[in-house]
Amino acid sequence: MPRPKPIPDNVTEIILESISDGVFTVDHDWRIMSFNRAAEEITGIRREEAIGRHCWEVFRANMCESDCALKRTMQEGSTLTNTTTYIVNSQKKRIPITVSTAPLKSKSGKILGGVETFRDYSLVEALRKRLDGRIQMGDIVSRNRVMHEMMAILPMVAESNSTVLLEGETGTGKELLARAIHNASPRKEKPFVAINCSALPDTLLESELFGYKSGAFTHATRDKPGYFEVTQGGTILLDEIGETSPAFQVKLLRVLETHAFTPLGSVRQVKSDVRVIAATNRRLADLVAEGKFRPDLFYRINVVRMVLPPLRNRKEDIPLLIEHFVERMNLLRAKAVTGVDPDVLRVLMCHDYPGNIRELENIIEHAFVLCSAGPIEIRHLPGGFGGQSPLPRDRTPPLAQTLNSTEAVAILNTLKDHGYNRLAAAKALGMHKSTLFRKIKKLGIHLPDIDGRSASGKQKTSQTTD
Amino acid sequence: MKVAITIWGDRISPVFDAARRLLIVTIDQGHIINREEATFDPEQPSNLTKALIDQEVAVLICGAVSQTPAAVITASGIRLIPFITGKVERVLGAYAQGTSLAPAFIMPGCLGAVFETDSSSTH
């Protein structure tokens, strides 16, 4: 057999130039000795500029300063593979990469330097994101373009100390967004408090926010700090800001402008270092035009405005949100629900969600009551969605009817699950047997002519006989 | 005038996003007359800019920096001179003397980026 021809000397160079992984070598002084074509492409630095320079000036990875892989390799003489990190290129872009390092040794085993191989991971990252299509920030998940744009600017919004105005229909996640802003901000270690302004009358809202001094009014027997005081350094969400009175609006404006507030019954101002996020389910500009909201406060609040789209405009998020809620409720309720079956998904995708994400969450929560494992099926959904609903689909049922229908489906399904054994079904539903009988009668539930007890009894008898 | 510089031993920290230490010097008539060191969190650039503005720091010299912190620093009014490399004393000495930091102290492949950031910042 003929001996193969000896490999030419420059073959290593040819191989290094042809691969798509970046490769560079360094000497003991951390100066770059070689730099291949892919390294040029990934870093954007020409070989002539790189060779002879310190590796950290060229490579610029976040691990250079504190956890250099090459340094560890050269100290320990061992190989490190696939460490994930990022480099910063001259366009100020972070490029995710994976890094492997190995010592360069002489034939006698002496360490001459190190070799670092790195792979541009941004395409993989982008594909992974594209496949998954989601962005998650705190409890907000979305693959919707508008939401993505909003979340892209969220770190900048969070970093700034500006007042933020959140607009969006009820149930669109204004509080979640406010919380995400707080958690991404330098104030994240301090408290976050959400106040619903429409839930409290004016004077009570004022005393809750600014506190009061003893003797400020009857029964004010001792000082009470307000949320602006206990949240010092943190964030306050003022929800339903559009529902506040003109008098309260004046006081809030003063707090925002002077960064100080006066507790009820006090003559001294208290300094306030609280970031205010205002939220409303209406267009605040419309309320200003109608004369129901002070324009000066509007302009003071409207520094950064973020509008949350209703769920009907981001239906592509429904599967993602369902998955999110199922995961969370499985953990909370120790269940093993695997998701929703295709029929359920079809039904849920067709719904218009006047109650937005909160409504979807409630639907899933309802299904969790009836479904312990496996996929959620149509029969687990509230009556208005179920195939078993006695209501025509083109008619919006009145609330009482919907509740009755939901209850009827729940009872019927539980009975089915327990082979129509009334006692077992009553136990599973957490009600007395007589209550179950009363409800079956009241809701007009028609049961088949089988009795759970007798069925199981017969079975037992039959087994015994056999 | 006060100048801040991100440091790593006696060198400029290679990546602002992973830097931890800051040297703040006061330059008067081409000489450094005061210096103090501080630590900071690069993930909270607005905290850093607030502290720098409180101390009347006008310029921040650093290594490579990514878009978000660069935008926060620039928006605060502090002059950012990024992609600088080398020994801290040599860089500060050159800056105090009004000598151009480019091209001697610019990271490889970043000359264009520095001039794009602020053509006047490197003198």
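Reader: Which residues touch the most other members in the largest nonpolar core?
Author: In this predicted model, they are Ile61(B), Ile84(B) and Val91(B), in a core of 61 residues. A nonpolar core is a set of buried Ala, Val, Leu, Ile, Met, Phe, Trp, Tyr and Cys residues joined through C-beta atoms within 7 Å. A residue is buried if 20 or more other C-beta atoms lie within 10 Å of its own, with C-beta atoms placed from the backbone.

Reader: What is Ile61(B) in contact with, leaving aside its neighbours within four places in sequence?
Author: Ile61(B) is in contact with Val3(B), Ile5(B), Ile81(B), Ile84(B), Val91(B) and Tyr95(B). Two residues are in contact if their C-beta atoms, placed from the backbone, lie within 7 Å.

Reader: Which residues are in the other core?
Author: Apart from the core around Ile61(B) lies another of 37 residues, among them Met150(A), Leu165(A), Ile277(A) and Leu308(A).

Reader: How are residues and chains labelled?
Author: Residues are numbered from 1 along each chain as its sequence is written, while chains are lettered from A and ligands numbered from 1 in the order in which they are written. As this is a predicted model, local features need pLDDT of at least 70 and side-chain atom pairs count only at pLDDT 80 or more, whereas totals for chains, interfaces and linings use all residues.

Reader: Turning to the sheet, what is the order of its five strands?
Author: The open sheet in chain A has the order 9-12-15-8-16, with parallel pairing. Strands (E, at least two residues) are DSSP runs, numbered from the N terminus, as are helices (H or I, at least four). Two strands pair if DSSP finds at least two bridges between them.

Reader: Why is one side of strand 9 left without a neighbour in the sheet?
Author: Strand 9 (192-196) of chain A stands at an edge with a single partner strand, so one side is left without a neighbour in the sheet; strand 16 (304-307) of chain A is likewise at an edge.

Reader: How many bridges join strand 8 to strand 15?
Author: Four bridges join strand 8 (residues 164-167) of chain A to strand 15 (residues 275-280) of chain A. Val164(A) stands opposite Ile277(A), and Glu167(A) has Thr280(A) as its bridge partner in strand 15. On strand 16 of chain A, Glu167(A) stands opposite Val307(A).

Definitions and conventions. A residue is buried if 20 or more other C-beta atoms lie within 10 Å of its own, exposed if 12 or fewer, and partly exposed in between; C-beta atoms are placed from the backbone.
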